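Please walk through this structure with me, one local feature at a time. Keep the 3D view open as you read.

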Amino acid sequence: MKKYDVVVIGAGPGGMTAALYAARANLKVAMLDRGIYGGNMNNTAEIENYPGFELIMGPDLSEKMYKTATQAGVEFVYGNVEKIENAREAVKTIKTDSEEYEATVIVVATGATNRKLGIPGEEEYSGKGVSYCAVCDGAFFKDENVAVVGGGDSAVSEGLYLANVTDNVNVIHRRDQLRAEKVLQDRAFKNDKMNFTWNSEVKEIVGDNQKVTGLKVYNNKTDEVTTVPTSGVFIYIGNVPNTDEFKDLGITDEQGWIETNSEMETSIPGIYAVGDVRSKKLRQITTAVGEGGIAGQNAFEYIEKLEK
């Protein structure tokens with residue numbers, strides 16, 4: 001069993017910042033993730049609203065944050081968390097599929113994953129035309145026609161990215177106007193490769209058993225159902241929290257988001273939460289970083305009080 005002062009579960013922007021602040025307070029810190037560091041930043045093409053950079057690619061920002069944290073002494077370890085034991089004790093135990101860790105403080109920064117439509121064809125054609133990551137899969141649809149489902153920041157920004165690669169991007173949205181920030185909307189409406197299907201919901205993804213060939217789309221104003229030809233569909237309809245392993249701790253709300261106060265404290269002393277996994281309104285890199293700084297500093301103060 002490996003022992004640390006602080007174990008940060010999740011290595012997205014919030015987790016990396018929490019780990020950095022804790023390490024700079026001379027604590028022994030592990031940053032634990034089941035995948036590559038960076039979280040959803042790795043699935044983001046261009047980031048234009050992170051202070052200090054006019055534009056930076058998501059993977060590049062991930063690399064810079066990771067380097068800063070590890071140079072401060074943070075240890076990055078792989079593992080899939082299965083359970084937290086002794087959560088209300090002074091020393092808590094994190095069990096993964098390959099190792100056990102002890103820590104005085106746990107910072108949960110596991111983020112969220114893309115919500116699925118839950119319609120026929122979605123699972124069948126996943127990886128065969130159905131995608132949740134334009135950066136990952138956009139190149140497979142060069143000079144083809146694709147659809148984007150959603151109307152928020154992610155849908156529009158990833159649609160703009162796809163417009164640089166594909167021949168045409170059809171944004172399908174259930175409302176009659178986008179929810180994305182105004183600057184993204186303006187850019188999308190000016191792009192000749194982007195068009196919009198309003199008041200519409202995708203009801204089925206159809207294909208030829210090998211790849212996607214089209215979408216069955218329902219117009220919620222006219223009640224019409226039409227089949228829209230497309231070779232790819234990119235889905236951005238919100239997120240669900242990655243909190244299954246924490247639900248028995250009693251720190252989540254009914255939807256599974258972790259509840260904290262303004263100090264990032266959960267209802268369990270010594271357990272904090274930051275980033276997209278929290279119950280909050282704005283989920284952005286900037287908010288995750290701010291919350292990570294608060295949690296990392298509070299981890300130091302919490303441990304200092306215990307030792308007095």
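In this predicted model, the loop between strand 13 and strand 14 (200-207) holds Asn199. Its phi is near 50°, a positive value in a residue other than glycine. Most residues other than glycine have a negative phi. Is Asn199 buried or exposed? Asn199 counts as buried because its relative accessibility is 14%, and the cut-off for buried is under 20%.

A second residue with positive phi is Met264, at about 70°. Met264 is not a glycine either. Look for Met264 in the loop between strand 18 (239-241) and strand 19 (271-273). Its relative accessibility is 4%, so Met264 also counts as buried.

Now turn to helix 4, residues 153-163. Which of its residues are buried? They are Ala155, Val156, Glu158, Gly159, Leu160, Leu162 and Ala163.

Next comes a helix pair. Two packed helices are described by the angle and the distance between their axes. For helix 1 (residues 13-24) and helix 2 (residues 58-71), the axes come within 9 Å and cross at roughly 20°. Angles under 35 degrees count as roughly parallel, so helix 1 and helix 2 are roughly parallel to each other. The crossing is left-handed. Helix 1 contributes Pro13, Met16 and Leu20 to the contact. Helix 2 brings Ser62, Met65, Tyr66, Thr68 and Ala69. Of these contact residues, six are nonpolar, two are polar and none is charged.

Terms used:
Residues numbered from 1 in each chain as written. Predicted model: local features only at pLDDT ≥ 70, side-chain atom pairs only at ≥ 80, totals over all residues. Heavy atoms only, no water. Buried < 20%, exposed > 50% of the residue type's maximum accessible area, 1.4 Å probe, protein only. Helix = DSSP H or I, 4+ residues; strand = E, 2+ residues; numbered from the N terminus. Axes fitted to C-alpha atoms, helices over the stretch in contact; angles between N-to-C directions. Parallel < 35°, antiparallel > 145°, perpendicular 65-115°, else oblique. Left-handed = near helix turned anticlockwise from the far one by under 90°. Contact = heavy atoms within 4.5 Å. Nonpolar A, V, L, I, M, F, W, Y, C, P; charged D, E, K, R; others polar.
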